[in-house]
Amino acid sequence: MVRMSDLVRGIVRPSPASAAPATEAPPEPKAEEQPAVVATSRVSIASSEPAQPVVRLEAVMAPRRPAESTEPLEPLFTDLQRVLIEARERVDRPGFPWAKLEAVVERVITAVLASPDLVWVASAASAAAGADYVVLHQARACVLALRLGVDLGYERPRLLPLGLAAALFDVGLWQAPATLLERLDTLSGADLSAYHAHPRASAEIVQRWSPSDSRIVDAIADHHERELGQGFPRGLQGGAIAVDAKIIGLVDTYAALTVPPAPRPRLRPHEAIRDIVKTRNDQFPSPLIKALLSEISVFPPGTIVRLNTEEVGRVIAVNRNHPLRPQVEIVADGKGQRLAAPKVIDLSESPFLYITGPVGESSR
């Protein structure tokens, strides 16, 4: 019999995603639940000017555009956080180093166009003791938002304002009480009002910094608006919410679930995805949910999983059109015996095989 701990040590390459106890996988968004959603590229926060529909979300799963990126990814993610620390120091002052932030966001764009590897770096990041949580949270959201923008077919020039907005969408929280994020589940009265006001406060700060693209401010102002009007601060619905704001709202939710501010408990990636999928069409359009599923996946590459046949394998690739049916390298048979030669199975082409759940190292 093969020990699972030996299997993990001998087979799995280091991965930001950790294995988790077996759990029921969330349902995939169905094709018929993915209508094209018309959204706006600009929604004024100061007036009621009509929105101009210019972007459709039907481009989800668009083919990748090749890009070259050989830059080390951990230092790149660190550089992004350093620029955001500089932004924090300018919250109460005019002027902002837009050129510096644009330069690092352009490097992030090159990286996410080339591969999903920076997504794994951002997903694995955690807040060190004493570190600024908002800085880390915005940096993670920036990387995830840009990768979703690629999935939605955004061309490189269109990715830049999305990335800038995603890097700055919560700057208003730097002016809130330090313990506000730690008490999100119990906020009431003035504290709850202050939290609900932070999207507008963030937008006003960035507006004072004179961004070159108005879409940056609009996306920041509306990132907590939701499809059925249950968001804040304006209660916008559907097509009145800019696509960039919807993308940022989704990655903000995922990032906060997987790396929340202390002392709130964190969810594993597959648990966060499960919670988000449960709300599809209520808070976020299905095409965006599917884009997130294709990037994060319930079972990211490197995860040790068990099939319904009791075989054990390692996820080696995600099928973008079938996120719950990845490619798996089988390393142990249904009796726990290690295979002499691993075999690769594409679950999208094997309708009678499916994953019952991830396998923890504690399994034997």
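User: Which residues form one aromatic cluster here, and how should I read it?

Analyst: A pair of aromatic rings is described by the distance of the centres and the angle of the planes. Rings of Phe, Tyr and Trp (its six-membered ring) pair if their centres lie within 6.5 Å; planes under 30 degrees apart count as stacked, over 60 as edge-to-face and the rest as tilted. In this structure, one aromatic cluster is formed by Phe 96, Trp 98 and Trp 209. Please keep in mind that this is a predicted model, where local features need pLDDT of at least 70, side-chain atom pairs count only at pLDDT 80 or more, and totals for chains, interfaces and linings use all residues. Residues are numbered from 1 along each chain as its sequence is written, and side-chain values use heavy atoms, with hydrogens and water left out.

User: How many aromatic pairs does a search of the whole structure find?

Analyst: The search finds three. In one of them, the ring centres of Phe 96 and Trp 98 are 4.7 Å apart with the planes at 65°, so this pair is edge-to-face. The rings of Phe 96 and Trp 209 have their centres 4.4 Å apart and their planes at 20°, so that pair is stacked. Phe 96 sits in the loop between H2 and helix H3 (98-114), and Trp 209 in the loop between H8 and H9, so the pair ties together parts that are 113 residues apart in sequence. Helices (H or I, at least four residues) and strands (E, at least two) are DSSP runs, numbered from the N terminus.

User: Are Phe 96 and Trp 98 buried or exposed?

Analyst: Buried means under 20% relative accessible area, exposed over 50%, partly exposed in between (1.4 Å probe, protein chains only). Phe 96 counts as buried at 11% relative accessibility, and Trp 98 is buried with a relative accessible area of 11%. Trp 209 is buried as well.

User: What should I look for in a helix such as H5?

Analyst: An α-helix has 3.6 residues a turn, so residues three or four places apart point the same way. Its span can be checked too: the expected value is 1.5 Å times one less than its number of residues. Helix H5 (residues 133-151) has 19 residues and reaches 27 Å from its first C-alpha to its last, close to the 27 Å expected. H5 is mostly covered, with 19 of its 19 residues buried.

User: Which residue caps the N-terminal end of H5, and what follows the helix?

Analyst: The cap is Asp 132, with a side-chain oxygen 2.9 Å from the backbone nitrogen of Val 134. After H5 comes Gly 153, which has a positive phi near 90°.

User: Which residues does Gln 81 touch?

Analyst: Contact means heavy atoms within 4.5 Å. Leaving out residues up to four places away in sequence, Gln 81 touches Val 135, Leu 136 and Ala 139. Gln 81 belongs to helix H2 (residues 73-88) and is buried, with a relative accessible area of 19%.

User: What is the order of the strands in the open sheet?

Analyst: Two strands pair if DSSP finds at least two bridges between them. The five strands are ordered E6-E5-E4-E3-E7, with antiparallel pairing. E6 and strand E7 (355-358) stand at the edges with a single partner strand each, so one side of each is left without a neighbour in the sheet.

Note on methods. A polar contact is a pair of N or O atoms within 3.5 Å; within protein, one must be able to donate a hydrogen and the other to accept it, and residues adjacent in sequence count only if both atoms are side-chain atoms.
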